[in-house]
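Could you walk me through this structure in my viewer, one selection at a time? I am new to it and would like to know what to click on next and what is there.

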Amino acid sequence: MRRDELERRRIATIEVSLPLYGWGVIDTAAEKSGVGVTTAQALLVDPIGANRVSTPAGPAMRPVYGITLTVGPNLDSPPDPMDLDVIEVDIEGAAMLIGRDVLGLGELVWHGTRREFELRLPRSGQPNC
């Protein structure tokens, strides 16, 4: 749920979900980020629209949700929260799929010999991520 929607619900005393923590899968082929079906249900958010997507089974219409994403919330200095429109996706073992809409905001570096990656996203007050 986006921050503005949280505030609107707080003022209207409408139930909101607690922050949801989970794993994300990086998908450099995905143009937009996605949220798992069970994650979307747990967030208590209503779709804000629908989007046509390509799936292995062919094209399909999927709900779109407005959320606020914080990557690495347990870090001493996590990246800035991002307001995103995410597509509902079928994903197992993760809460969300991180696509190029998020990756394009920062730098993704793969250290092949160590089999590690770094994802640097914008942080307030710090130049260039």
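Start by selecting aspartate 90, which is exposed at a relative accessible area of 63%; here buried means under 20% relative accessible area, exposed over 50%, and partly exposed in between, with a 1.4 Å probe and protein chains only. Helices (H or I, at least four residues) and strands (E, at least two) are DSSP runs numbered from the N terminus.

A word about what you are viewing: this is a predicted model, in which local features need pLDDT of at least 70 and side-chain atom pairs count only at pLDDT 80 or more, while totals for chains, interfaces and linings use all residues. Residues are numbered from 1 along each chain as its sequence is written, and side-chain values use heavy atoms, leaving out hydrogens and water.

Next, select residues 107-111 and 116-120. These are strands β7 and β8, which run antiparallel and are joined by five bridges; two strands pair if DSSP finds at least two bridges between them. Glutamate 107 has arginine 120 in β8 as its bridge partner. Four residues lie between the strands of this hairpin, where arginine 115 takes a positive phi near 55°.

Stay here and show the side chains. Arginine 114 and glutamate 116 meet in a salt bridge of 3.2 Å, N to O. Arginine 114 is partly exposed at 48%, and glutamate 116 is partly exposed at 42%. Arginine 120 and glutamate 118 form another salt bridge, at 2.9 Å, N to O. Glu107, Glu118 and Arg120 are linked in a network of salt bridges.

For the last stop, which residues have the most contacts inside the largest nonpolar core? Select Tyr65, Ile67, Leu69, Leu84, Val86 and Val102, out of 15 residues in that core. Such a core is a set of buried Ala, Val, Leu, Ile, Met, Phe, Trp, Tyr and Cys residues joined through side-chain atoms within 4.5 Å. Colour β4 (58-69), β5 (82-89), β6 (96-98) and α3 (100-103) too, as each supplies at least two residues of this core.

Key. A salt bridge is a side-chain nitrogen of Lys or Arg within 4 Å of a carboxyl oxygen of Asp or Glu.
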